[in-house]
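User: I am new to this structure. Can you walk me through how to read it, one feature at a time?

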Amino acid sequence: MRIVRYILFCLFFAVGAGAVALAVLADEIRDYCQGGVLLAETLAENEDIRFLTVEYAAQIDEIRKDPNILGRLERVTLGRRGDAEETVFPTASEKLLTEAGTAVLEDLQADRPVYKIPTWVERISEPNIRYSLFFAGAGLVLVTFIFFGAPAKK
């Protein structure tokens, strides 16, 4: 019987003390999770920048190999007309370019995973829930000592 009382005492005391500790450390846990989310977002942005750097370096290498590419990029980027005879140069309207740019940005945003703080961390950091968690844990510790404490000597 003493072992059962000891096990129940340890179990209930651990749950109560854990609830009190969780209520006290709720702000620090939320800050820790926010730091993890910010770190993950920063790493994702760094990976995007790394990808763009590699892509731009490859484009620069292509321009160095073939200088005619620079002339084509100039026509596309600045919207200048070509000077070659019997050649049709396509032109894009501002509306089409805006739609294409929007589609590219949406595609980049769709590939990125969404990082957020876990729901339970958001809940325990709310003041009413923190107070409830603290008092419930303290009550459980008190009840544990009352019911599973040392038995009265005979």
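**Reading the model step by step**

Analyst: Let us start with one residue and its contacts. The model is a predicted one. Leaving aside neighbours within four places in sequence, S125 is in contact with A26, R30 and R130.

User: What lies by the polar side-chain atoms of S125?

Analyst: Look for backbone oxygens. The backbone oxygen of E122 is 2.9 Å from a polar atom of the S125 side chain. The backbone oxygen of V121 is 3.2 Å from a polar atom of that side chain.

User: How far apart are the C-alpha atoms of S125 and L22?

Analyst: S125 and L22 are 103 residues apart along the chain, and their C-alpha atoms are separated by 9.6 Å. Now take P127, which lies in helix α6. P127 and A23 are 104 residues apart in sequence, with 9.4 Å from C-alpha to C-alpha.

User: Does P127 count as buried or exposed?

Analyst: Exposed means over 50% relative accessible area. P127 has 51% relative accessibility, so P127 counts as exposed.

User: Now the whole chain. How many helices and strands are there?

Analyst: Count the elements, then read their order. The chain has 6 helices and 0 strands. From the N terminus on, the order is α-α-α-α-α-α.

User: What share of the chain is buried?

Analyst: Read the share against the chain length. Of the 154 residues in the chain, 12% are buried.

User: Next, helix pairs. At what angle do the axes of α1 and α6 cross?

Analyst: Read the angle and the distance together. The axes of α1 (residues 2–24) and α6 come within 8 Å and cross at roughly 160°. An angle over 145 degrees counts as roughly antiparallel. Therefore α1 and α6 are roughly antiparallel to each other. The crossing of α1 past α6 is left-handed. By class, this contact has 19 nonpolar, 3 polar and 2 charged residues.

User: How do α1 and α2 pack?

Analyst: Helix α1 and helix α2 (residues 26–65) pack at an angle of about 65°, with axes 4 Å apart. On the α1 side, the contact is made by L22, A23 and V24. On the α2 side, A26, E28 and I29 make the contact. By class, the residues in the contact of α1 with α2 are 5 nonpolar, no polar and 1 charged.

User: Which residues does T144 touch?

Analyst: First find its place, which is in helix α6. Not counting residues up to four places away in sequence, T144 touches F9, F12, F13 and G149. The backbone oxygen of L140 lies 2.6 Å from a polar atom of the T144 side chain.

User: Why does T144 count as buried?

Analyst: Apply the buried cut-off of under 20%. T144 has 1% relative accessibility, so T144 counts as buried.

User: One last residue. Where is K116 found?

Analyst: K116 is in the loop between α4 (94–111) and α5. With a relative accessible area of 59%, K116 is exposed. K116 and L38 are 78 residues apart in sequence and 9.1 Å apart in space, C-alpha to C-alpha.

Conventions
Residues numbered from 1 in each chain as written. Predicted model: local features only at pLDDT ≥ 70, side-chain atom pairs only at ≥ 80, totals over all residues. Heavy atoms only, no water. Contact = heavy atoms within 4.5 Å. Polar contact = N/O pair within 3.5 Å; in protein donor to acceptor, adjacent residues only side chain to side chain. Axes fitted to C-alpha atoms, helices over the stretch in contact; angles between N-to-C directions. Helix = DSSP H or I, 4+ residues; strand = E, 2+ residues; numbered from the N terminus. Parallel < 35°, antiparallel > 145°, perpendicular 65-115°, else oblique. Left-handed = near helix turned anticlockwise from the far one by under 90°. Nonpolar A, V, L, I, M, F, W, Y, C, P; charged D, E, K, R; others polar. Buried < 20%, exposed > 50% of the residue type's maximum accessible area, 1.4 Å probe, protein only.
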